[in-house]
Amino acid sequence: MRADGSRTLVGAGAQTLSRRRGVCRVSIAAQIDAWLVAHRDQVVEWRRHLHSHPELSHAEIETTQFIAGILTDHGLEPQLFPETGLYVDIGPESSDRLGFRADIDALRVEEVSGLSFASRTPGMSHSCGHDVHTTICLALACALSEIDLPFGIRIIFQPAEEVMDGGARDVIEWGGLKGVSSIYAVHVEPKLRVGQVGVRTGAITSAADVLRIDVTGPGGHTSRPHLTADVVYTLGSLVTQLPGLLSRRVDPRTGTVLVFGQIEAGFAANAVPKTGRVSGTIRTQDIGTWRSLEPLMRELIDDVVAPTGCNYELSYTRGVPPVMNDDVATAALAGAAQNVDPHAVVQAPQSSGGEDFSWYLEHVPGSMARLGCWQGAGPKYDLHRGDIIVDERCIDVGVRLFGSLVERYEGGLIDPASL
């Protein structure tokens, strides 16, 4: 029994019955739970429609229309972004809204899952689980539309998460974060069992940048390398020396890794080419290191190329910073997960992948959790693979997790001023 006279019942939806002045009030979390039970078949249909109709980044036209149509049917007023994607506000007008984000784009990956609702578009699929993220937030919005909320909520359906440097920056530029005081998201995790929620304070993902080095020289004959500048030798030096040099200039505890994935040059075994190119990615778990990487890489490339006599041009594309989960917001997310299931919370490892949810956290505090989607038996799939199968029960967990978080805000267990 709480000091205010409320009684907490542990179970699905973390139902809380508050008794004040003789009035029994069903908690927000319990109302969301009841809505989900009543509409679960419909929610699964939404997910399967999204899954079978993937659209790539910046081209999520039908996806945006589909989401907007469902929100409108539930009495809400979605606000379309200038290109694709949208957001919807629920509850009273507020400059202190609780925010949630879903990403709506798909990948250029052929689906080979064999599901009856597999992608109908050749070469595209939701193999990163964005259809699940979208369905969770769509169900949350529709459930909240039937609840008399005491504070404002904004749910963002963001386009173009899968491309550099992420659609989150567009959303911010379009005013999507205006009036939002904190923001939360989940990402499906096929290495965690359904029902588990992985949380982590601080960096939960890594920064990911792309670099391309174009090397040029006068060309020549392989029998007379001393009369030319050897482009192939220079490319080989870059590939073999840069990762080692970087490891001696950056703290190894930051998890900074440079890996090249592409190298091309030449057309004949006995000719030194005039041009060549090498491309790769550089990742780091430390946001301070990320901010200093580009000038450091230019310095190291200068040192490697200078003795060869070749010239080069560096194309350095900054990706996204690490997702830096706020400690208070992460504690709130963990508490919400425990309200759904006392055994749900596990420690999430830091991923070396990138996620543009990080851009939101550059502006407001918040947290992203890993949402278990492994069925508990059979293979553990990996993200971005065409054969991944997500256990749809994780949708229920995601909706209840966010519902529990809303409940904690409503009950004053989370002070927005502390975030």
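Contact here means heavy atoms within 4.5 Å. By that rule, 9 residues of domain 1 touch 8 residues of domain 2.

Some ground rules. This is a predicted model, where local features need pLDDT of at least 70 and side-chain atom pairs count only at pLDDT 80 or more, while totals for chains, interfaces and linings use all residues. Residues are numbered from 1 along each chain as its sequence is written, and side-chain values use heavy atoms, leaving out hydrogens and water.

The bounds come from an automatic or database domain assignment: domain 1 is 28–205 + 323–411, and domain 2 is 207–317. Over C-alpha atoms, their centres lie 38 Å apart.

Now the interface. Domain 1 and domain 2 bury about 700 Å² between them, with 57% of that on carbon and sulfur atoms. Buried area is the accessible area (1.4 Å probe) that two parts lose on being put together, summed over both.

Which side chains form the salt bridge? Those of E362 and R291, at 3.5 Å, N to O. The count between the two domains is 1, a salt bridge being a side-chain nitrogen of Lys or Arg within 4 Å of a carboxyl oxygen of Asp or Glu. On domain 1, the side touching domain 2 has 4 nonpolar, 4 polar and 1 charged residues, where Ala, Val, Leu, Ile, Met, Phe, Trp, Tyr, Cys and Pro count as nonpolar, Asp, Glu, Lys and Arg as charged, and the others, Gly among them, as polar.
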